[in-house]
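These are my notebook entries on a single chain. I list what I looked up, entry by entry.

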Amino acid sequence: MLVNGGVGTLWKTPGGTTVTADVLSGASREFFRSRLAEQGMNVTLSTTNWCGAGYPAPGIPQLTPSRWLGADGTVTIPGQGISYGRDVRPCDQKAEVTYAHKNGWVNNSGADAGIVKALPGKGGRTYIVAMFSNLGYQYVDSNRPAAGAENVWFTVRLAKLGKVIDEYEKRRSG
């Protein structure tokens, strides 16, 4: 809520002090949002890095940040040595939102949290989503394909959850 620039009192500290978005300067909020918007590991609530694959299921229909796209439309995270090998341009053409987020995972937990904003003419929704789970990469799906899904670190249910949340928010914003 701070990064998104929430309106009014966002919460009160244990000592009773009100917290507003003014805790961060506009420049700080923009800097933080810009870094979150460059996330290349769209692997939890959004799964656009596997555009068109049968597995995992589609999640939040986000526009993939161009920073990670190769000339062939595939996402590669050089510092991590991860290449997803799927052309994301068809999904980007169908994208409905931007998703400025950060995910994290270890063997027994996973998380994804961020700010979702509709692209112009795509449903008008803006919302914050946060998911924390005890389903880390040791709990991948038993039906996960043997090849082509090596970088799928979560159960497909989390991507499905992202899609359901986004569809709900799209209907709600109406």
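Entry 1: I looked up Arg-172 and found a relative accessibility of 54%, so Arg-172 counts as exposed; the classes are buried under 20% relative accessible area, exposed over 50%, and partly exposed in between, with a 1.4 Å probe and protein chains only. Glu-169 has a relative accessible area of 12% and is therefore buried. I found the side chains of Arg-172 and Glu-169 joined by a salt bridge, 2.8 Å from N to O; the term requires a side-chain nitrogen of Lys or Arg within 4 Å of a carboxyl oxygen of Asp or Glu. Both residues lie in helix α3, three residues apart, about one turn of the helix. I noted the general rule that an α-helix has 3.6 residues a turn, so residues three or four places apart point the same way.

**Entry 2: basis of the values.** The model is predicted: local features need pLDDT of at least 70, side-chain atom pairs count only at pLDDT 80 or more, and totals for chains, interfaces and linings use all residues. Residues are numbered from 1 along each chain as its sequence is written, and side-chain values use heavy atoms, with hydrogens and water left out.

**Entry 3: helix α3.** Helix α3 covers residues 156-173, 18 residues in number; helices (H or I, at least four residues) and strands (E, at least two) are DSSP runs numbered from the N terminus. From first to last C-alpha I read 26 Å, close to the 26 Å expected at 1.5 Å a residue, where the expected span is 1.5 Å times one less than the number of residues. Which residues of α3 are buried? I listed Val-156, Leu-158, Ala-159, Gly-162, Asp-166 and Glu-169. They cover an arc of only 165° around the axis, which puts them on the same side of α3; the arc is taken from the directions from the helix axis to the C-beta atoms. Arg-157, Val-164, Arg-171 and Arg-172 are exposed on the other side of α3.

**Entry 4: salt bridges of Glu-96.** I counted eight salt bridges by the rule above. In one of them, the side chains of Glu-96 and Arg-125 meet at 2.7 Å, N to O. This pair links distant parts of the chain, 29 residues apart: Glu-96 is in the loop between α2 and β5 (97-106), and Arg-125 is in the loop between β6 (109-118) and β7 (126-133). Glu-96 is buried because its relative accessibility is 19%, and Arg-125 is buried because its relative accessible area is 1%. Glu-96 also forms a salt bridge with Lys-170, the closest N and O atoms being 3.1 Å apart. Lys-170 lies in helix α3, 74 residues from Glu-96. With a relative accessible area of 36%, Lys-170 is partly exposed.

**Entry 5: disulfide.** I searched the whole structure and found one disulfide, defined as a pair of cysteine sulfur atoms within 2.5 Å. Cys-51 and Cys-91 form it, with their sulfur atoms 2.1 Å apart. The link is right-handed, with 95° about the S-S bond. Cys-51 is in the loop between α1 (26-37) and β3 (74-77), and Cys-91, 40 residues apart from it, is in helix α2 (residues 89-94). Cys-51 counts as buried at 7% relative accessibility, whereas Cys-91 counts as partly exposed at 24%.

**Entry 6: cis peptide bond.** I found a cis peptide bond joining Tyr-55 and Pro-56, with omega about 0°. Pro-56 is in the loop between α1 and β3.
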